[in-house]
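Here are my notes for someone opening this one for the first time. Have the model on screen and go through the points in order.

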Amino acid sequence: MAVAGTAPGKGAYLCLTCGKDTVLNDKKENLPPCPHCNGTTFIKIG
Ligand SMILES: [Zn+2]
């Protein structure tokens, strides 16, 4: 599981609350809160 505010690495993350995906393109990029529901927990899908 990945949490908003951390930098879990490059890849696609799926919001556990609403299912919207967020993509990080840099390993140093912080995962933002979900733009759709403001959720903060994600699973890595790619
Ligand atoms: Zn969401």
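1. A word on terms before the tour: helices (H or I, at least four residues) and strands (E, at least two) are DSSP runs, numbered from the N terminus. With that in hand, the protein has zero helices and four strands, and reading along the sequence gives β-β-β-β.

2. Some housekeeping. Keep in mind that this is a predicted model, where local features need pLDDT of at least 70 and side-chain atom pairs count only at pLDDT 80 or more, while totals for chains, interfaces and linings use all residues. Residues are numbered from 1 along each chain as its sequence is written.

3. Two strands count as paired if DSSP finds at least two bridges between them. As background, strands of a sheet pair through backbone hydrogen bonds, either parallel or antiparallel.

4. Now walk across the sheet. Strand 1 is joined to strand 4 by two bridges, running antiparallel, and Val3 stands opposite Thr41 in strand 4. Strand 4 (residues 41-44) is also antiparallel to strand 2, with three bridges between them. Strand 2 (residues 11-15) then pairs with strand 3 (residues 21-24) over four bridges, again in the antiparallel sense. In that last pairing, Gly11 has Leu24 as its bridge partner.

5. On the strand 3 side its bridge partner is Thr22, and in strand 4 Tyr13 stands opposite Lys44. Leaving out residues up to four places away in sequence, Tyr13 touches Ala2, Asp21, Thr22, Leu24, Leu31, Phe42, Ile43, Lys44 and Ile45. Contact here means that C-beta atoms, placed from the backbone, lie within 7 Å.

6. What makes up the largest nonpolar core? Seven residues do: Ala2, Tyr13, Cys15, Leu24, Leu31, Cys34 and Phe42. Such a core is a set of buried Ala, Val, Leu, Ile, Met, Phe, Trp, Tyr and Cys residues joined through C-beta atoms within 7 Å. Buried means 20 or more other C-beta atoms within 10 Å of a residue's own, exposed means 12 or fewer, and partly exposed is in between, with C-beta atoms placed from the backbone. Of the protein's 46 residues, 15% count as buried.

7. Next, the hairpin. Strand 2 and strand 3 form it with five residues between them, and Gly19 in the turn has a positive phi of about 85°. Lys20 sits in this loop between strand 2 and strand 3. Lys20 is partly exposed because 14 other C-beta atoms lie within 10 Å. Not counting residues up to four places away in sequence, Lys20 touches Cys15, Cys34 and His36.

8. Is Asn38 buried or exposed? Asn38 is exposed, because it has 12 other C-beta atoms within 10 Å. Asn38 lies in the loop between strand 3 and strand 4, and its phi is near 70°, a positive value in a residue other than glycine. For context, most residues other than glycine have a negative phi.

9. Finally, the overall picture. Along the principal axes, the C-alpha atoms fill a box of roughly 25 × 20 × 15 Å. Among contacts with a separation of 6 or more, 45% are between residues 24 or more positions apart.

Methods. Contact = placed C-beta atoms within 7 Å.
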